[in-house]
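Hello,

Here is the structure you asked about. My notes on it follow below.

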Amino acid sequence: MMNTKDKYFRYIVYLGLLIGLVFSTFPVIWILSSSFKSNTEIFSLPPKIIPDSITLIAYNSIFEDKDKIQFFVNSYFVSLIVTALTLFIAILSGYSFSRFNFKLKRFLNLTIISTQTIPPISLLIPYFGMVVFFKIFDTYIALILTYLVFTLPYATLMMTSYFNSLPNELDDAVLVDGGSQFQALSKVLVPISLPGIVATCVYTFLLCWNEFLFALTLTKSTEMRTLPIGIQLLMGQHS
């Protein structure tokens, strides 16, 4: 049986988890609630979670504005493309770092880790210069290539760590049956690595979706702006 001390400890853990759950979900609940309110009710005091009258004016203002829809399209397009490319490259590179010994392996590992210590803002001007030099300013390619630089190192480290947790016997079994290293990766390791792959996808997608600084610097037209920039453009002198 559980003693009194263990019960109190469990209650404290549950209380902490409940507080964390409320703290993390309340902003989302408030956003959803505000989306069905009128502007007057949003700023009313005292604030209310449940609106007095439900209105779809906020959603209508988005779907009737082509520019706002384009912000969503740009963010989804760039984020999904970067996520797919990052995942493909990270799986191959993570498997290579985990299973093979080759020259400069340690140096490459240190290089990948060291890139995570560089503040992204310090790279803003060099990237802007490169984008302008290669004449890809205000294009999807500029955003995709730039985001790949920031997502690939961490994604590679994540996949390498996950592949390291899988026994080498899985690869050996495929090789004994006449399969190749690529078959061992695609047919055995990838299917059982779904938790690590999903975590990598979520991390990459959210990083691209929320990125503001480079999206603001490397684009200028409404057709290329992503959603974070679009939200910022909604703020003016009087609103």
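The radius of gyration used here is taken over C-alpha atoms, and the globule rule is 2.2 Å times the number of residues to the power 0.38. For 239 residues, a compact globule would come out near 18 Å, but the chain has 24 Å. Please keep in mind that this is a predicted model.

Overall dimensions and surface: along the principal axes, the C-alpha atoms fill a box of roughly 70 × 70 × 35 Å. The accessible surface is about 15,900 Å², and carbon and sulfur atoms account for 72% of that surface. Of the 239 residues, 31% count as buried.

Fold: the chain contains 12 helices and zero strands. If contacts between residues at least 6 apart in sequence are taken, 68% of them join residues at least 24 apart.

Charge: there are 15 positive and 13 negative side chains in the chain. The centres of these two sets lie 7 Å apart.

One residue I looked at in detail is Ser93, which lies in helix 4, residues 66-99. A polar atom of the Ser93 side chain lies 2.8 Å from the backbone oxygen of Ile89. The Ser93 side chain also makes a polar contact, at 3.3 Å, with the side chain of Thr156. Leaving aside residues up to four places away in sequence, Ser93 touches Thr156 and Thr160.

Regards

Terms used
Residues are numbered from 1 along each chain as its sequence is written. This is a predicted model: local features need pLDDT of at least 70, side-chain atom pairs count only at pLDDT 80 or more; totals for chains, interfaces and linings use all residues. Side-chain values use heavy atoms; hydrogens and water are left out. Helices (H or I, at least four residues) and strands (E, at least two) are DSSP runs, numbered from the N terminus. Buried means under 20% relative accessible area, exposed over 50%, partly exposed in between (1.4 Å probe, protein chains only). Contact means heavy atoms within 4.5 Å. Accessible areas come from the Shrake-Rupley method with a 1.4 Å probe; for residues, only the protein chains shown count as cover. Lys and Arg count as positive and Asp and Glu as negative; His and the chain ends are not counted. The place of a charge is taken as NZ of Lys, CZ of Arg, CG of Asp or CD of Glu. A polar contact is a pair of N or O atoms within 3.5 Å; within protein, one must be able to donate a hydrogen and the other to accept it, and residues adjacent in sequence count only if both atoms are side-chain atoms.
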